[in-house]
Amino acid sequence: MDIIRTIREMRTWRKTAGTVAFVPTMGNLHEGHLALVREAKKRADSVAVSIFVNRLQFGQGEDFDRYPRTLQEDAAKLEGEGVSVLFAPDERELYPRVAQRYNIEPPHLQNELCGRFRPGHFRGVATVVAKLFNIVQPDFACFGKKDYQQLAVIKGLVEDLDFPVQIVPVDTGRAADGLALSSRNRYLSETERAQAPRLYRELQNISAELRGGNLAYAELEAAALRNLQQAGWTTDYVEIRRADTLETAHAGDKKLVVLAAARLGGTRLIDNIETDLD
């Protein structure tokens, strides 16, 4: 596996790489990331993975400085998976003028759900993904469904700006007890880790109610919020949305997604579950 640090080297590699499937990450790789890599390997001649902790998607007071950076361990995992190239630029390489003068501004969706609590986050995501797509020029790009809103923003970016990239959604990786895999899980204390799967269980309960014919969305959302708060969580939201657009769900919608974000101690966890009523 080659480790590339500069845009020039990456573009040189791309000329002879054949078809390319791309997995953008911020590093601290876990089994969920490796599942994306394995899906990418099915799609193309070469697999490129990027590791870059993107300052633009972190808000004031968030964990940019303490976000785990484990490049050596990550590189070993990727080499074991047969990845062709690891693109690991430093910040000055990707943002040579320090302040990015041009940014990608997503539509109203960026200010809903997680965007209500992380202003500017999806602008930062869309901007860095657009840059990486222009540098790597992949034929396919794999993204996990755990970050469901991020996936929706990136799909819209590709559609509206005509990037010649096929977005490949990959199911959320989970621990045996149901907790969605995340680099931030390492922040959880032992007690919090035992409590953490409750978020997914609340989503499962809502999904079961929906499939059983209970379409009282507001009541289902309120019950889950109440259950989490009573268990000591600080909740941002639990919402039922249309799976295709993430617009507010209405009676008659058949393909839904239930999304949630809540804090356990100082750790913010997100999760979702798709629910098909057909």
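**Buried, exposed and compact: reasoning from values**

Modeller: In this predicted model, E39 is buried, with a relative accessible area of 17%.

Biologist: Why is E39 called buried?

Modeller: A residue counts as buried when its relative accessible area is under 20%, and E39, at 17%, falls under that cut-off, so the word applies. E39 belongs to helix α2, and apart from neighbours within four places in sequence its contacts are C142, V168 and V170.

Biologist: How far apart in space are E39 and V23?

Modeller: From C-alpha to C-alpha they are 9.6 Å apart, while 16 residues separate them in sequence.

Biologist: How do you know whether H33 is buried or exposed?

Modeller: The relative accessibility of H33 is 13%, and since buried means under 20%, H33 is counted as buried. H33 sits in helix α2, which covers residues 31–41, and, if residues up to four places away in sequence are not counted, H33 touches T25, G27, N28 and S183. The UniProt record, an unreviewed entry, places the feature "active site" at H33.

Biologist: Which feature does UniProt place at Q57?

Modeller: The unreviewed UniProt entry gives "binding site" for Q57, a residue in the loop between β3 (46–51) and α3 (71–80).

Biologist: What makes Q57 count as buried?

Modeller: Its relative accessibility is 9%, which is under the 20% limit, and therefore Q57 is classed as buried. Leaving aside neighbours within four places in sequence, Q57 is in contact with several residues, among them M26, E62, R118 and H121.

Biologist: How do you know whether Q137 is buried, partly exposed or exposed?

Modeller: Q137 has a relative accessibility of 46%, and as the middle class runs between under 20% and over 50%, Q137 counts as partly exposed. Q137 lies in the loop between α6 (121–136) and β5 (140–144), and has a positive phi of about 50 degrees although it is not a glycine.

Biologist: What makes D162 count as exposed?

Modeller: Exposed means over 50%, and D162 stands at 63%, so D162 is classed as exposed. Its place is the loop between α7 (148–161) and β6 (166–170), and D162, which is not a glycine, has a positive phi of about 60 degrees.

Biologist: Turning to the whole protein, how many helices and strands does it have?

Modeller: There are 10 helices and nine strands in the protein.

Biologist: Why is the protein called as compact as a globular protein of its length?

Modeller: The globule rule gives 19 Å for 278 residues, and the radius of gyration of the protein is 19 Å, close to that value, so the protein is as compact as a globular protein of that length. Along the principal axes, the C-alpha trace spans about 55 × 40 × 35 Å.

Biologist: What percentage of the residues are buried?

Modeller: Of the 278 residues in the protein, 53% are buried. As for contacts with a separation of 6 or more, 70% are between residues 24 or more positions apart.

Conventions: Residues are numbered from 1 along each chain as its sequence is written. This is a predicted model: local features need pLDDT of at least 70, side-chain atom pairs count only at pLDDT 80 or more; totals for chains, interfaces and linings use all residues. Side-chain values use heavy atoms; hydrogens and water are left out. Helices (H or I, at least four residues) and strands (E, at least two) are DSSP runs, numbered from the N terminus. The radius of gyration is taken over C-alpha atoms; the globule rule is 2.2 Å times the number of residues to the power 0.38. Buried means under 20% relative accessible area, exposed over 50%, partly exposed in between (1.4 Å probe, protein chains only). Contact means heavy atoms within 4.5 Å. UniProt positions are given in the numbering used here, feature names are shortened, and annotations may be inferred rather than shown by experiment.
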